[in-house]
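Colleague: I am new to this structure. Could you show it to me and take some questions?

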Amino acid sequence: TTDESQARAADSGAGATAAFQSKTGQGAGLEDVTPERVSTLATEVLAAVHDTIRRHKVTYAEYDALKAWLISVGEDGEWPLFLDVWVEHVVEEVANEGRECTKGSIEGPYYVPDAPALPADAKLPMREDESGTPLLFQGQVTRVGGDVVAGAKVEIWQADALGFYSQYAPGIPEWNLRGTVIADDEGRYRIHTLQPAPYQIPTDGSCGKLIAAAGWHAWRPAHLHLKVSAPDHRLITTQLYFPGDPHNEDDIASAVKPELMLDIEPAESGEGEQTTYNFVLDPA
Ligand code: MBD
Ligand code: FE
C-alpha cells in the first residue's frame, strides 16, 4: 500500500493541476480576457524579462537552463504550486485593496470545494491516531458595522503533521482535516482540530529544484486555511498563523500579515490549546 511516506511532488502537482483545470472553463480562460489587456500585460512581462537578460548579460547556458526548468514545471504539474507560492500574494493584495473586512491571504493550491458540512460546534474529520496538539479554534462572524451573520459558512483546510493535504498525497482519508462549518444563529463556531505543523513545499519537484539551485528554503509557517462566506456578503479567503513560528518572518509564499496572527492560550478544557479569531465580512 502507498502511504504519505511515498508521497511525490509529481503526485500532488498532478492533483493540483487537475483540480485547477476542473474549475477553469468558467470564465477564467485567455479568451475571457480582452485582447487589449492580454497585449498590454504580455508586452510588459516580456519587457521585464528582456531587461533582466540585458542587465545581467544572460548566457545561452542560462537560457537553456531556464528552458529545461520551465518544461519540467509543466511535466511535474507544478504550475499551480509555482504561481501560488511566488505570484498569488500580489494578486491577492491588489484584489482585496481597500476592503474593510478581515484581511485576506492567498488560497494556495490545495483547496477543495464542498467539504462535508459540520455543525457550529464541530470536530474536523481526522484519523484516530492523527498527530498534533489539540486546538480549539473558535470565534464569531459579523458584518462591517457589527451585525452578526447567522449561519455563515466557515470552510477550513489544513495540512497534517507531516505537511500533507488530504486528496494531494496518497493514503490520507478523503476529507481529512477539511470541513465546511456552519456557524450558529449568532455567527459563532467552535472547531476542534489540531495545531498544524510548519510546512515545507514539495522539495523533490521543479519548485524544489529552483529553491535548491537558488539556495533558498522551502518553508511556510504553520497555517490554517479558511474561506468565510454568507449570502449577500463577499467571500473572504485567508490564512491564520501561530506566534513564534520562525517562518512567520520568511514565508516562501509571502502570505503572512500581522492581522492574521492568532493569539494562542492553554485550552480551558485542559487539553491542548485554544484560540479565538473573529471574522468581519463586507456586504456584497
Ligand atoms: C501550501 O500549503 C500553501 O498554503 C501554499 C500557499 C503553497 C503551497 C503549499
Ligand atoms: Fe497551505
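Colleague: Which residues does N248 touch, not counting residues up to four places away in sequence?

Modeller: Contact means heavy atoms within 4.5 Å. N248 sits in the loop between β10 (236-241) and β11. Residues up to four places away in sequence are not counted, and N248 then touches P221, Y241, F242, P243, V256 and M261.

Colleague: Before we go on, what kind of model is this?

Modeller: Residues are numbered from 1 along each chain as its sequence is written, chains are lettered from A and ligands numbered from 1 in the order in which they are written, and side-chain values use heavy atoms, with hydrogens and water left out. Local features need pLDDT of at least 70, side-chain atom pairs count only at pLDDT 80 or more, totals for chains, interfaces and linings use all residues, and the model is predicted.

Colleague: Does N248 count as buried or exposed?

Modeller: Buried means under 20% relative accessible area, exposed over 50%, and partly exposed in between (1.4 Å probe, protein chains only). N248 has 10% relative accessibility, so N248 counts as buried.

Colleague: What separates the C-alpha atoms of N248 and P221?

Modeller: P221 is among the residues that N248 touches. The two are 27 residues apart along the chain, and their C-alpha atoms are separated by 5.4 Å.

Colleague: Which strand pairs with β11 in the antiparallel sense?

Modeller: Strands are DSSP runs (E, at least two residues), helices are runs of H or I with at least four, and both are numbered from the N terminus. Two strands pair if DSSP finds at least two bridges between them. β11 (residues 264-266) has 3 bridges to its antiparallel partner. E265 has Q274 as its bridge partner, and Q274 lies in β12.

Colleague: Which residue in the turn of that hairpin has a positive phi?

Modeller: β11 and β12 form the hairpin, with 6 residues between them. The phi is about 90°, and the residue is G270.

Colleague: In what sense do β3 and β12 pair?

Modeller: F137 stands opposite T275 in β12. Strand β3 (residues 134-143) and strand β12 (residues 273-276) share 4 bridges, and the sense is parallel.

Colleague: Which side chain does a polar contact of 3.2 Å join to that of Q138?

Modeller: Q138 lies in strand β3. Q138 is buried, because its relative accessible area is 16%. A polar contact is a pair of N or O atoms within 3.5 Å; within protein, one must be able to donate a hydrogen and the other to accept it, and residues adjacent in sequence count only if both atoms are side-chain atoms. At 3.2 Å, the partner of Q138 is R190.

Colleague: What do the buried residues of α1 pack against?

Modeller: The buried residues of α1 are A9, S12, G13 and A16. They cover an arc of only 100° (from directions between the helix axis and the C-beta atoms), which puts them on the same side of α1. The face turned away carries the exposed residues Q21 and S22. The buried residues pack against α4 (79-86).

Colleague: How far is an oxygen atom of ligand 1 from an N or O atom in the side chain of R220?

Modeller: R220 is one of the residues around ligand 1, with a heavy atom within 4 Å of it. For the oxygen atom and the side chain of R220, the distance is 2.9 Å.
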